Amino acid sequence: MLSCKALVASSSDYLDGQLRFTEGLSVRAHLAMCGNCRRFVRQLRLTLRVLQQMPEPLVSDLDAVAAQLADAAKKPD
Amino acid sequence: MPINDVELLPRLLAGEQKAFAELVAAYQGAMMAVAYAIVGRRYADEAVQDAWLAVVRSLAGFQGRSSLKTWLLTITANTAKARLRQNRRTVQLDEQPAPHGSVGAERFASDGHWLNAPQAWHEDSPEALLSASELRECLDKTLSSLSELQNSVLLLRERQGLELEAICNLLDISLSNVRVLLHRARLKVFATLEHFEETGQC
């Protein structure tokens, strides 16, 4: 039986579908019985969604970069 | 920000400045993450500049066999590697401490059960969590505490949605290293969210 500590260690691989079939089964069996680990995995998923939705930093000199590239595109060497 | 490759390409080829602005705005973040991982913070800007110039030079030859994004990231990885005139770097899996730690061994009893189990959070949607500007700043701090490679792997996976295999290929690191880097980075970000939810401060 998987410990909570081992479950946490496998949690990323579980979310990324990187576990072998039997490993995946033991993670699911553990989660079915352990509320603490279910909460952990739920919060880890939420963490990843937070990262997905964090605003990207804007390109500071966008217009200058675009002008330079458009220029270079018009004058192929 | 997904943009329409098919519509954009002829405008790029015609040298339309607005098309380049759209291209840079959509993809520079992902390109920076790739460059960061390969040449490091100090040279990432220059590597991305090299990459843009290479993109412009080879735009006419873009076949559309891969997506524009995949093509741009491959060019970025290649120009960054060309800039890297050193022997192949060793992948650093060593841990640098993060502001709020991780989910480490101290959270568990010797039998592997939780000693200090996660508590319920006040917010359960990313929108609600991110509405606190203090938390956004706090997350930025945690992200910048990550090693360059760890930071890049995390952003390429979570923000850019790349498959693990694609990250391996771009950065020339093994799948098992990508998995380790990603897991450690995620736990550090988790620890920051958890700390913020428990204390209300960074």
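Chain B has nine helices and zero strands, where a helix is a DSSP run of H or I of at least four residues, a strand is a run of E of at least two, and both are numbered from the N terminus. Read along the sequence, that gives the pattern α-α-α-α-α-α-α-α-α. Before I go on, please keep in mind that this is a predicted model, in which local features need pLDDT of at least 70 and side-chain atom pairs count only at pLDDT 80 or more, while totals for chains, interfaces and linings use all residues. Residues are numbered from 1 along each chain as its sequence is written, and chains are lettered from A and ligands numbered from 1 in the order in which they are written.

Let me stay with chain B as a whole for a moment. Its C-alpha atoms fill a box of roughly 60 × 40 × 30 Å along the principal axes, and of its 202 residues 38% count as buried. By buried I mean that 20 or more other C-beta atoms, placed from the backbone, lie within 10 Å of the residue's own, whereas 12 or fewer make a residue exposed and anything in between makes it partly exposed.

Chain B is divided into domain 1, residues 5-83, and domain 2, residues 105-199, with bounds that come from an automatic or database domain assignment. The centres of these two domains, taken over C-alpha atoms, are separated by 27 Å. How many residues of each domain of chain B are in contact with the other? There are 10 residues of domain 1 in contact with 10 residues of domain 2, and a contact here asks that the C-beta atoms of two residues, placed from the backbone, lie within 7 Å. On the domain 1 side, α2 (17-39) and α4 (68-83) of chain B each supply at least two residues, and the largest share, six residues, comes from α2(B). That side of domain 1 divides into eight nonpolar residues, one polar and one charged, where Ala, Val, Leu, Ile, Met, Phe, Trp, Tyr, Cys and Pro count as nonpolar, Asp, Glu, Lys and Arg as charged, and the others, Gly among them, as polar.

In general, nonpolar side chains tend to be buried together in soluble globular proteins. If you look at M31(B) itself, and leave aside its neighbours within four places in sequence, you will find it in contact with V48(B), A51(B), L72(B), L73(B) and T76(B).

Now to the partner chain. Here 35 residues of chain A are in contact with 39 residues of chain B, and on the chain A side the elements that give two or more residues are α1 (4-15), α3 (35-53) and α4 (62-74) of chain A.

How do the axes of α3(A) and α9(B) cross? The axes of α3(A) and α9 (residues 175-199) of chain B come within 10 Å and cross at roughly 95°, the axes being lines fitted to C-alpha atoms, for helices over the stretch in contact, with angles running from 0 to 180 degrees between N-to-C directions. That makes the two helices roughly perpendicular, a term that covers 65 to 115 degrees, while under 35 counts as roughly parallel, over 145 as roughly antiparallel and the rest as oblique. In this crossing, Q43(A), L44(A), T47(A), L48(A), V50(A) and L51(A) meet R186(B), V189(B), F190(B) and L193(B).

V189(B) leads us to one more residue, L139(B), which touches M54(A), V189(B) and T192(B), not counting residues up to four places away in sequence. L139(B) sits in helix α6 (residues 133-145) of chain B and is buried, with 22 other C-beta atoms within 10 Å.
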